[in-house]
Each structure stands twice: as structure tokens, then as C-alpha cells.
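Trainee: I'm new to this one, so please slow down and take me closely through one part. I'd like to hear about the aromatic rings and whatever surrounds them.

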Amino acid sequence: GGLVRNPVAEVKVPDPKRTRSERFLTREQRDLIIERCERDDLRLMLMLGFHAGLRLREMVEARPEWLRLWPGGGEICVCETETFIPKDGEQRRIPLNERLLAYLRGLTFSGRFLVRPDVGHAKHKYRWEPRKPFARLLKDVGLEWVGWHTLRHTFATLLVQGGCPIATVAQWL
């Protein structure tokens with residue numbers, strides 16, 4: 001007994017620098033994307049992704065009651081609704097940074113959802129499909145490789161680079 005040859009010797013592992021899921025944006029790239037965004041609905045989603053680490057479905061399903069704002073701070077509480085169940089099945093709380101807090105305080109929300117309250121649920125996976133406007137924005141900025149999950153990776157990476165403990169970031173994610 002024993003293997004005559006290595007069974008995975010010919011398996012090619014992708015270079016992590018080229019793998020989309022391993023990449024994140026710098027602060028400058030993040031700010032450029034947000035600055036160049038002309039659509040209010042898409043800008044809100046960018047802010048929620050870059051500054052709270054929300055997943056695409058969480059952004060689309062986000063409700064005004066998820067926002068808990070108080071003087072000097074606030075949080076987003078991602079929780080179950082009649083049309084949404086968090087990925088791990090448990091609610092989580094994410095503190096709002098100053099930039100996201102200031103942005104949210106400048107908005108008024110009417111309707112059931114934070115983003116595009118005028119659009120209801122249909123047969124599609126997402127209540128509203130933001131992928132095409134997002135792709136156009138990224139093409140204009142020259143960052144076509146970025147996906148929705150990259151916003152989440154950027155949120156986590158920049159927090160850790162800023163000194164936030166990994167266990168805390170993991171809890172928020």
C-alpha cells in the first residue's frame with residue numbers, strides 16, 4: 001500500500017491575485033465608485049455594501065426598521081422578515097461608521113424597503129435586479145472585475161487593516 005503517484009499533481013490552482021473572490025478595493029477605489037455613481041438607489045446599495053458589509057440580497061431586502069439611529073451612533077440589525085431569512089438564520093447587528101451614519105441621516109425612507117420601495121416581489125430571485133446598472137458603473141470607472149461580494153470583502157479587509165479585531169469583523173459579517 002500506498003499511492004504510486006500524487007493524484008492532484010496535475011490540478012491547477014488559480015492564482016489568488018487573479019481570483020475574483022480574493023480581491024478587494026482600496027479606499028480610493030471604493031470612494032471613486034461611490035463618487036461616480038449617479039443613481040440614488042445604487043449609491044445606497046454601495047454605501048450598505050462598502051460600509052456595513054451587507055450581501056446583495058440583504059441590501060435589496062433591507063427594511064427601514066433595520067436601521068436603529070440614535071444621537072451619536074446607530075446600527076443595522078439584519079433580521080428575518082416575511083420575505084427574507086438571513087443566510088445563517090440568525091439576526092446580526094452591525095454598527096454604523098460615521099460616513100454611513102451621516103449618509104443615512106440625510107435620506108428619508110418611505111415604503112417597505114430601503115432600496116427601490118416602489119418595486120415589489122416577483123418570480124425573480126431578487127426583488128429588484130441591480131446588476132446591470134452596477135456593471136455599467138464599474139465599466140465607466142474601469143473596475144469591471146468587481147462583483148457585489150467584493151463590497152463585502154472590501155468592508156472586512158479595510159476594517160482589519162484599520163486595526164479592528166478579526167473576531168469582531170467576523171461577528172459583523
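**Rings and their neighbours**

Mentor: Read along the sequence, the pattern is α-α-α-β-β-β-α-α-α-α. That gives 7 helices and 3 strands, where helices (H or I, at least four residues) and strands (E, at least two) are DSSP runs numbered from the N terminus. Bear in mind that this is a predicted model, in which local features need pLDDT of at least 70 and side-chain atom pairs count only at pLDDT 80 or more, while totals for chains, interfaces and linings use all residues. Residues are numbered from 1 along each chain as its sequence is written, and side-chain values use heavy atoms, with hydrogens and water left out.

Now the rings. A search of the whole structure turns up 2 aromatic pairs. Rings of Phe, Tyr and Trp (its six-membered ring) pair if their centres lie within 6.5 Å; planes under 30 degrees apart count as stacked, over 60 as edge-to-face and the rest as tilted.

Take Trp 66 and Phe 84: the ring centres are 5.5 Å apart and the planes sit at 50°, so this pair is tilted. It links distant parts of the chain, 18 residues apart. Trp 66 is in the loop between α3 (56–61) and β1 (67–70), and Phe 84 in the loop between β2 (73–78) and β3 (92–95). Both Trp 66 and Phe 84 are buried (under 20% relative accessible area, with exposed over 50%, partly exposed in between, using a 1.4 Å probe and protein chains only).

Then there's Phe 134 with Trp 148. Their centres are 3.9 Å apart and their planes at 20°, so this pair is stacked. Phe 134 belongs to helix α5 (residues 131–141) and Trp 148 to helix α6 (residues 148–161), so the pair ties together parts that are 14 residues apart in sequence. Phe 134 and Trp 148 are buried as well.

The axes of α2 (residues 40–52) and α6 come within 6 Å and cross at roughly 40°; axes are lines fitted to C-alpha atoms, for helices over the stretch in contact, and angles run from 0 to 180 degrees between N-to-C directions. The two helices are therefore oblique to each other (under 35 degrees is roughly parallel, over 145 roughly antiparallel, 65 to 115 roughly perpendicular, the rest oblique).
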